[in-house]
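Please examine the structure shown below before reading on. The paragraphs that follow lead through its parts in turn.

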Amino acid sequence: MAILKVARLGHPVIRTPSEAIPRETIPSAELQRFIDDMIETMREYDGVGLAAPQVHVAKQIAVIEVADNRRYPGEGSIPLTVLINPKIISASKRQMEDWEGCLSVNEFRGKVPRAEALEVEAYTRKGEKVKFHAQRFFARVIQHECDHLVGKVFLDRMPNLSTLSHLHEFIRYKQDPS
Ligand code: ZN
């Protein structure tokens, strides 16, 4: 496995809509190795999610995992989830606003409203089609990663930039002490 180089905002790949993965190519050794590398890269940088464009590959793959995450303390854990060609098929009208950051917009945090609950359809890394319900933080991370697959970042989803904070100042002034 390998730790991949993370593309940051300004690199054109971050704004490039990703291509769908043909189902028959999902089992290929090349794609499976790439998914393993994405997982290793997400863990190396303490991300809770990583989308393929963030490692310079404009393909519809995202990995998500929250296990006692140091960047988002207090959030519940999410088991390792690999989403290929994910589609949000419905989203709750009810939204929740919370802080987000991004490995491609690093050292910043901003408050982003997101749908509280989702129905999601995707392929697993075994090529199986799954449909599942996600809510709260898991739903937030899925929306953040699906945005990357259409060339959007969390800044685009902020109603205004008044909460945008450097990480150091966020920790000092904004982070909820609970
Ligand atoms: Zn991101």
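**A guided reading of the model**

Glutamine 143 has its place in helix α2, which covers residues 136–149; helices (H or I, at least four residues) and strands (E, at least two) are DSSP runs, numbered from the N terminus. This is a predicted model, in which local features need pLDDT of at least 70 and side-chain atom pairs count only at pLDDT 80 or more, while totals for chains, interfaces and linings use all residues. Residues are numbered from 1 along each chain as its sequence is written, and side-chain values use heavy atoms, with hydrogens and water left out.

Is glutamine 143 buried or exposed? Its relative accessibility is 10%, and therefore glutamine 143 counts as buried; the term means under 20% relative accessible area, whereas exposed means over 50% and partly exposed lies in between (1.4 Å probe, protein chains only). Apart from neighbours within four places in sequence, glutamine 143 is in contact with Ile88, Arg114, Ala115 and Leu118, where contact means heavy atoms within 4.5 Å.

The strands may be considered next. Strands of a sheet pair through backbone hydrogen bonds, either parallel or antiparallel. Here, five strands form an open sheet in the order β1-β2-β3-β6-β7, with antiparallel pairing; two strands pair if DSSP finds at least two bridges between them. β1 (49–51) and β7 (129–135) are the edge strands, each pairing on one side only. On average, neighbouring strands of this sheet are turned by 40° against each other, direction ignored. Axes are lines fitted to C-alpha atoms, for helices over the stretch in contact, and angles run from 0 to 180 degrees between N-to-C directions.

Within the sheet, β3 (residues 78–91) and β6 (residues 117–123) are joined in the antiparallel sense over five bridges. Alanine 91 stands opposite leucine 118 in β6. Asparagine 85 also belongs to strand β3, and its phi is near 50°, a positive value in a residue other than glycine. Because its relative accessible area is 11%, asparagine 85 is buried. Helix α1 (residues 29–44) lies across β1, β2 (61–66) and β3, and runs at about 40° to β2.

Another region to inspect is the loop between β4 (95–100) and β5 (108–115), where glycine 101 is placed. Glycine 101 has 8% relative accessibility, so it counts as buried. From C-alpha to C-alpha, glycine 101 and histidine 144 are 9.5 Å apart in space, although 43 residues apart in sequence. Glutamate 107 lies in the loop between β4 and β5. Glutamate 107 is partly exposed, because its relative accessible area is 45%.
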